Amino acid sequence: MKQFRNMALPYIVWMGAMIVVPMLLILLYAFTDKGNDVATIRFSLENFARFFSDTVFMSVLKRSLYIAIITTVICILFGYPIAYVIATRSEKSKLFWILLITLPTWINMLVRTYAWMGILQDEGIINRMLGFLGIGPVSMIHTSFAVVLGMVYNFIPFMILQIYTALTKMDKSYLEAASDLGANAIQSFLRVTLPLSIPGVISGITLVFLPAVSSFFIPKLLGGGQYVLIGNVIETEFLTSGDWNFGSAISLAMAAIIMFSMYITKKVDKDPAANGREDN
C-alpha cells in the first residue's frame, strides 16, 4: 500500500503547483490593493466594493447570468428529447448516435467557434441559403443570437450525455409496474421516467451553466467584442489593464456565485426512488 501511496506523490505535487498555488495567489490579489509589494501588503475589500457598486459591472454580471440561464434552458429543451430518443434505441443504434454527438467535441472548441463565425457571416452559408429563397441577408453575427447559438452548440453534448446516462441506468421494472397499474405512456413518463431522470438533468445543468456563465472567447468571437460578458471583463483586467487585483476579485466573486449555484443544484438533486420509499 505504501508503494501505491508513493505513486500518488507526483500527482499531489502537480495539483499543488497548478491548482492550489494559483488559487492562493488569486485570494491574495483579491484582498489586497494594487501596487503592493511583499514587504508592504495591505489587505482591503476595495476591489469587491468597486465591483458590486459599479452599475456597469453589475449590468455585465446580469447579462452573463441571463445568457447562461437562456443557454441552459435551451440545452434542456433540445437535449432531453434527443437523449430520450437515443435511450430507447437498440444498443448498436445508441453507440452510433452517441458517437455522432460526441464527435464534434473531439475538435477544439475554439476551432468550432471560428467555424460558426464563417457560417453566420453576411456572406455565410446560412445567408446564401436564405438568398436562394429570396430572404435576407439577415444579420446574425455579432449579436446575442450568435452568442447563445455558439454556447448551445458547444455545451449541449454535456446535457445530452448526462440525461442519456440517467435514462439508461433507470430500472425498467418501474415502467412495467406503472403499465400494470394502468398508466398510459404519458403518465408513465411524467410519474416515472421524468422524476428518475432529474439527477441527470441537474448534472447537465451544472455542466452547461458553469462554463456558459464564465465563457469569454465565445462572446468575444461571435459577439465581435460588442457583447461583453463577465469572462471578457476578467480577461481584460488581467491581460489588457494589468489590474490583477481587481481581476482576481471578480474571479473570486464569480467562483462564489458558481459554488452557490452548485449548492442549490445539490439540494435539488435528490434520489427520487429514495423519496418514494420514504413516502411509502
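Contact here means heavy atoms within 4.5 Å. The model is predicted: local features need pLDDT of at least 70, side-chain atom pairs count only at pLDDT 80 or more, and totals for chains, interfaces and linings use all residues. Residues are numbered from 1 along each chain as its sequence is written, and side-chain values use heavy atoms, with hydrogens and water left out.

**Exercise 1.** Determine how many residues of domain 1 and of domain 2 are in contact.

*Solution.* Step one is to set the bounds: an automatic or database domain assignment gives domain 1 as 69–227 and domain 2 as 229–269. Step two is the count: 13 residues of domain 1 contact twelve residues of domain 2.

**Exercise 2.** State what area domain 1 and domain 2 bury between them.

*Solution.* Buried area is the accessible area (1.4 Å probe) that two parts lose on being put together, summed over both. For domain 1 and domain 2 this amounts to about 1100 Å², with 70% on carbon and sulfur atoms.

**Exercise 3.** Identify the salt bridge between the domains, then describe the side of domain 1 that touches domain 2.

*Solution.* A salt bridge requires a side-chain nitrogen of Lys or Arg within 4 Å of a carboxyl oxygen of Asp or Glu. The count between the domains is one. The side chains of Lys-220 and Glu-235 form a salt bridge, at 3.4 Å from N to O. H10 gives the largest share, seven residues.

Note on methods. Helix = DSSP H or I, 4+ residues; strand = E, 2+ residues; numbered from the N terminus.
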